[in-house]
Amino acid sequence: MYLWFLKRNLDDYNHDDLNKSAIVFSPHFDDETLGCGGITIKKKRAGADIKLVFMTDGSKSHKHLIPENELKKIRADEGVAAAQSMGMDVDDVVLFGFEETKLKEHHDLAVAKVIQILREQQPKEIFIPYSKEPLLWSPDHIYTTKIVKSALKSYKKEVVIYEYPIWFWLHWPWVGLINKNRYITRIILKHTFIYGLGLRLRDFQCSMYIGDILEQKHATLAEHKSQMTRLIADSKWSTLNDVSNGKFLQCFFQEREIFRRYHH
């Protein structure tokens, strides 16, 4: 997939840093596993103190098929199960509970909550979505990153930030140009142009080898059952496997996770 790119002189994540404390900020239930599940598993194995913060409530992904309150509980339970699969305890999971797709509307309160958890945990590392993620069905990814960065200005302690890509992958050559869903096809074509035929991958200069724990990462993602399987027998229940005929999901199960790394 992108192995040709990884032959460049990418910096490997320093294994001596695996035991450093971290907070993973996830816009939705599953982004934490897709974008940085592998490195999280490795850090937990090294004994790192990691907190996982879910920014939104998971109420919208299949609201056309299931009541929102029911969906919120399902997805929150899945998020906790995924965290446990990565080696975390229930107490390591923080649910901010902002309405999914509406995180932008709660910017100030979200910043205050992030400042509080930063001061309580004093992490050495922060994991957030890629700052140039494309706008798809909501701006939650973009605002998760904006909110955390705003909070860090008040926190005023140095941390190392790792930005992980999610919807960034939804363009050629990482996925095919043509999709059975015309809306997705238009998005792929648009993003292929915006991201310069994949050349924006150069933004990511740090990587972590996860080839030895891919099976566990797969098992962790499987805990997000509502995103990986159809909970009801209805073809309108979309899954991650449906996105770009499965090519999108493959991007997260290469032998390396990649990050944009910098100090704040």
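These entries record what I looked up in a predicted model.

**Basis**

I worked on a predicted model in which local features need pLDDT of at least 70 and side-chain atom pairs count only at pLDDT 80 or more, whereas totals for chains, interfaces and linings use all residues. Residues are numbered from 1 along each chain as its sequence is written, and side-chain values use heavy atoms, with hydrogens and water left out.

**Cysteines**

I searched the whole structure for disulfides (a pair of cysteine sulfur atoms within 2.5 Å) and found zero. I checked burial with a 1.4 Å probe and protein chains only: buried is under 20% relative accessible area, exposed is over 50%, and partly exposed is in between. Cys 206 is buried at 0%, and Cys 251 is buried at 2%.

**Aromatic rings**

I paired rings of Phe, Tyr and Trp (its six-membered ring) whose centres lie within 6.5 Å, with planes under 30 degrees apart counted as stacked, over 60 as edge-to-face and the rest as tilted. The search of the whole structure gave 14 aromatic pairs. In one of them, Phe 127 and Phe 259 have ring centres 5.8 Å apart and planes at 75°, so the pair is edge-to-face. I noted that this pair links distant parts of the chain, 132 residues apart: Phe 127 is in strand S5 (residues 125-129) and Phe 259 in strand S8 (residues 256-263). Strands (E, at least two residues) and helices (H or I, at least four) are DSSP runs numbered from the N terminus. Phe 127 and Phe 259 are both buried.

I next examined Tyr 130 and Phe 168, whose ring centres are 5.6 Å apart with planes at 85°, so this pair is edge-to-face. Tyr 130 lies in the loop between S5 and helix H5 (140-155), and Phe 168 in the loop between strand S6 (160-164) and helix H6 (182-194), 38 residues apart. Tyr 130 is buried at 1% relative accessibility, and Phe 168 is buried at 0%. Ring pairs join Tyr 130 and Phe 168 with Trp 169, Trp 174, Tyr 195 and Phe 204 in a cluster.

**Charges over rings**

I counted a charge as over a ring if NZ of Lys or CZ of Arg is within 6 Å of the ring centre and within 35 degrees of the ring normal. Lys 113 sits over the face of Phe 96, 5.6 Å from the ring centre. Lys 217 sits over the face of Phe 253 at 5.4 Å.

**Salt bridges**

I took a salt bridge as a side-chain nitrogen of Lys or Arg within 4 Å of a carboxyl oxygen of Asp or Glu, and the whole structure holds 16. Asp 77 and Lys 73 form one of them, at 2.8 Å from N to O. Being four residues apart in helix H3 (residues 68-85), Asp 77 and Lys 73 are separated by about one helical turn. Asp 77 is partly exposed at 43%, while Lys 73 is exposed at 54%.

Glu 99 and Lys 102 also meet in a salt bridge, at 3.9 Å from N to O. A network of salt bridges links Glu 99 and Lys 102 with Lys 60 and Glu 68.
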